Amino acid sequence: MTHSRSRGAGFRMSRRQLMAGIASISILASAGIPALAQDKPPTSEINTTGLAVTDDTVTVGILHSITGTMAISETGSVQAEKLAIEQINAMGGVLGRKIEYIQEDGASDWPTFAEKAKKLLVQDKVASVFGCWTSASRKAVLPVFEQYNGMLYYPTFYEGLEESPNVIYTGQEATQQIIAGIDWVAKEKGAKTFYLLGSDYIWPRTSNKIARKHIEKLGLEVVGEEYYPLGHTQFNSVINKIRLKKPDVIYAIVVGGSNVAFYKQLKAAGIDMTKEKPLLLTISVTEDEIRGIGGENIEGAYAAMKYFQSLDNENNKEFVSEFKKMWGDDMVIGDVTQAAYLGPWLWKAAVEKAGSFDIDKVREASPDIELDTAPEGYVKIHPNHHLWSKTRIGHAMPDGQYEVVYETEELMEPDPFPEGYQ
Amino acid sequence: MNAMSNPFFTRSGWLYLAILAAILLVVFPLALDPFRLNLVGKYLTYAFVALGLVLCWGHGGILSLGQGVFFGLGGYCMAMFLKLEASSPENTAIQSTPGIPDFMDWNQVTALPWWWEPFRSLPFALFAVIAVPVIFAFIIGFAMFTRRVGGVYFAIITQAVAAILTILIIGQQGYTGGVNGITDLRTLLGWDIRTNDAKTILYFVCAGLLIASLLLSQAVHVSKFGRLLIAIRDKEDRVRFSGYNVAAFKIFVFCFAAALAAIGGAMFTLQVGFMSPSFVGIVPSIEMVIFAAVGGRLSLFGAIYGTLLVNYAKTSFSESFPELWLFAMGGLFIAVVMAFPDGIAGLYNRYLAPHIARLLGTMRKRDAEGHSLANPAE
Amino acid sequence: MIGDYTYSEFFSILAMQGFAGLILFSVFVLMALGLAIIFGQMGVINMAHGEFMILGAYVTYLCSNFVSNYAPALFPIYFFVAMALAFLASFALGVLVEWAMIRHLYKRPLDTLLATWGLSLVLQQLYRSVFGAREVGVTLPDWLMGSVALTDIVEVPINGLFVMGLTLAITVAVYFIMFRSGWGKRVRAVMQNRIMAGAVGIDTRRVDRMTFGLGCGIAGIAGAAFTMIGSTGPTAGQLYIVDTFLVVVFGGAASLLGTIASAFTISQAQSTMEFFMSGSMAKVLTLLTVVIILMLRPQGLFTLKIRQ
């Protein structure tokens, strides 16, 4: 296992990335040692439950798919988590301990996720786990985390309907993405009719359920609702139906490889999104996905997220440049990647507030943890373990970036069990 | 049935059985911590499928690339019972419709579908674990074998069935849990299956059932039926012209393999605590074939060792080098097929068995017989 | 239905749905043709078919990068070159695979299934190591991504027309190769009786190799064409493989005509149902129908020699 720690990090790096890595390790060595020399709480006090904490190190787990179909989406999260860990180490680590990570591959297979989660908690005794992407993988590991009392930082925007004491949800639950987006198209674009479209699984179905309730609450109309199997590649029929129904807004929650097929076929069918007739609003296409779709094929679409790579603030500029320094200039950063980056930082803040690595104390300390260095701006953990965050609307540009056209004034309160939307 | 010339096991056969039982029931439980033991338990559930494949594919020449279907159906039947037990109205009080499984509530299903109702009863669920996959296998087998469809064409049809069933399960998420599967299973008749003690007990149940299945498979193999099966594989037409109903034999062995796979699936659900459609699909179905191939497609013992070996390699490799693992797995497929078609058992019989026999001093007529039993193709 | 729409709207939709069905049909034929040729020739399903398609897609990706960097003037027509190169790359890999693996396994067709499955795992990981785990975006010439407006409502996507044209061209080419050329005669002779074909002096090994290469090469072209309508990533081949198998199995596998007929039936059923119900439901119903028909007629729509 000791091999995998070092190789896990270095294995996939190009030479340039490796050089950058070496450079940052030497910075870490010079910056880290004085910090360690300062008063450091003894291990026996800050680790009473036998986690993998030594006098100098603390071990955490990273659990994502790096093989299989989901590797497409999860690669960015792994990169962000490694960046955050490296930066924290360069600042002296957590409670004077340098973070080491053990990376496991969920292989896009839910039982494998459960198996690896158990391994990380039972055998490696990691102090926290950053990982999972799909709802299915989270559902598979959830009983494991609850049984062995681990802490999972889960980065993806998801359907809600869940509030586990053993998970911190750093992405948005459904209402945080949906409601402000629909309000915005209704108010700013005068949208009256909506066509809801999604891949056929729990997240799009739950999200569309909330969207439909909200649309009807606003007195507007849903003219169609459709689901296609995951991995579906032929969308010509639904495009015809959309053309027939002439909705003001296509509300699309298509994921994975289907995404690419859908947007390419939409463009080829002559629906020009830049004309906004109909307007396309999505909550599933981040900058990461646009790489596969091609910026020219989705130009003019709107996305409701909490983070865009183009956000104009100091935190984000630094984050983007560090990310590119570590992983290459051609990288793009999407909403989930940023949420994954928050995980290690939120954990660090909670551990320091608790003054302990013990899971129970970290959980107790987690509510109201604030982070004003987040690339998305200020975030705060709600007692329900989700984050307060803003909803932003981005307008897709041909270069594959979003231009932020709107953001909510206030932070949106996370509400995983929204009253009146179920 | 000519029992005299065809004993249940040869002397070395009994020895192999004793070694296997010792490894599974003594060595593993003593040497491994509960976590690793549970992992081995999970691997053993795949070995049920591999056993069935040895009979079906190795001996009968029927390659099914859809064994995951039966594994999955068995697992789902078990999971439905456990899920209903976990979804008591008290446990699910926060749902808009308490008392139904959580995924149904999320999908706006407001009442338990009628075909879920019988799964409240454990005896029915256990019966269904075997019956549902076997009936399904019978339908497929009857349709294919009575029309003399076989070989590669049968393999791809079973594969298409696996693909279709996966899409069906994922598409009907209100009733099946969709792509998430049926998760968060907790108790069996009030007995918490998530504790380490429970997992250890389940391991022993699983290992015991596996050995029983091995004996049953061996019984089939040494019977007249087993001989006929090999005859069908080698010269189907001659068997048919001798007046045997070839299709009936093939249907039987296919159903038998399905039943074994289903037991494996049910044990999987119990030990892992959930069932997901990813087991029903093409990929796991083919992986299970490779377990049998690595062990040696003709050897029942080989199937179990092959399953353990491939899964052990998969787990330990993928912990350190996930990228290399896929190359290794792909390479293994190719190498086993091209260079070692008889797998571990073939290598053992060729190189090790004679030496061991000589060492034991039992290298007489008896062993030559055991030899040909373990590897009847040679 | 008609109640909500005027007659002209209704007929326009009918026309567009007809086109959608034809496009789906072309896609299915393009996917399945290579697989069916190989199956017909050697009784073997190439489980790495999807990966050969993705090889074609990656070749297109490399071409588009190369042309836009070094010869932007040629960008509008690079796609034709890319398809030719995709064919060559997949053909070459196919010949190599036949030489290294398949020819040793002709006596064991079931084992070929497993070996090519192993190959598909290796290829997937190879793509991931070389091109990264993420999908790559293939930039296409603008003229391919537009649509032709026939009337006010009826618009037909050009890439769909392109796929239809391509499918037609390849089908015609395959027909001539298989049924009108000397080489095709040899292929069919080997298909019908390998031993006799060898006895009359046909180099059966060479015929096998070329047929396998041809099947893979067509998969490569299909992959190149599908960059217009789908994604290009290490595991994207898996998106197509289920439909491909279904088409081949349903068609009866041994006959090219069967493959085309089955592609037509499945695509029409699916696109018609997709229009009247949710896509997920349409897929399920299509698949159920296919399964039921397969149970009643397991040898598929058309058969030559399934019985052993």
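Two strands are taken to pair if DSSP finds at least two bridges between them, and helices (H or I, at least four residues) and strands (E, at least two) are DSSP runs numbered from the N terminus. The structure described here is a predicted model, in which local features need pLDDT of at least 70 and side-chain atom pairs count only at pLDDT 80 or more, while totals for chains, interfaces and linings use all residues. Residues are numbered from 1 along each chain as its sequence is written, and chains are lettered from A and ligands numbered from 1 in the order in which they are written.

In chain A, strand β10 (residues 302–305) pairs with strand β14 in the antiparallel sense over four bridges. Within this pairing, A:Ala304 stands opposite A:Ile393 of β14(A). Strand β14(A) also pairs with β15(A) (residues 402–407), again in the antiparallel sense, over five bridges; here A:Gly394 faces A:Val404 of β15(A). The hairpin of β14(A) and β15(A) has five residues between the strands, and A:Gly400 takes a positive phi near 90° in this hairpin. A residue is counted as buried if 20 or more other C-beta atoms lie within 10 Å of its own, exposed if 12 or fewer, and partly exposed in between, with C-beta atoms placed from the backbone. Four of the five residues of β14(A) (residues 392–396) are buried, so this strand is largely enclosed by the rest of the structure.

A separate open sheet of chain A comprises three strands in the order β11-β12-β13, with antiparallel pairing. Strands β11 (370–371) and β13 (387–388) of chain A stand at the edges with a single partner strand each, so one side of each is left without a neighbour in the sheet. Strand β12(A) (residues 379–381) is joined to β13(A) by two bridges, and the bridge partner of A:Ile381 in β13(A) is A:Leu387.

The domain assignment of chain A, with bounds from an automatic or database source, gives domain 1 (2–171 + 313–388) and domain 2 (174–305 + 391–407). The C-alpha centres of these two domains of chain A lie 31 Å apart. Residues are in contact if their C-beta atoms, placed from the backbone, lie within 7 Å. The contact between the domains takes 15 residues from domain 1 of chain A and 15 residues from domain 2 of chain A. On the side of domain 1 that touches domain 2, α4 (71–90) and α14 (335–354) of chain A each supply at least two residues, and the largest share, three residues, comes from α14(A). For classification, Ala, Val, Leu, Ile, Met, Phe, Trp, Tyr, Cys and Pro count as nonpolar, Asp, Glu, Lys and Arg as charged, and the others, Gly among them, as polar. This side of domain 1 of chain A divides into six nonpolar, seven polar and two charged residues.

Chain C is in contact with both other chains named here. Its contact with chain B takes 37 residues from chain C and 38 residues from chain B. Helices α4 (109–131), α9 (237–251) and α11 (279–296) of chain C each supply at least two residues of the side that touches chain B; α4(C) gives the largest share, 14 residues. By class, this side of chain C has 25 nonpolar, nine polar and three charged residues. The contact between chain C and chain A takes 39 residues from chain C and 35 residues from chain A. On the side of chain C that touches chain A, α1(C) gives the most, with seven residues, and the classes are 18 nonpolar, 15 polar and six charged.

A nonpolar core is a set of buried Ala, Val, Leu, Ile, Met, Phe, Trp, Tyr and Cys residues joined through C-beta atoms within 7 Å. The largest such core has 352 residues, and those with the most contacts inside it are B:Ala50, B:Leu53 and B:Ala262. Helix α1(C) gives the most to this core, with 20 residues. Domains 1 and 2 of chain A both give residues to this core, so it lies between them. Leaving aside neighbours within four places in sequence, B:Ala262 is in contact with residues including B:Phe70, B:Phe71 and B:Val129.

In chain B, 23 of the 27 residues of helix α11 are buried, so this helix is largely enclosed by the rest of the structure. Just after α11(B), B:Gly273 takes a positive phi of about 90°.

Terms used. Contact = placed C-beta atoms within 7 Å.
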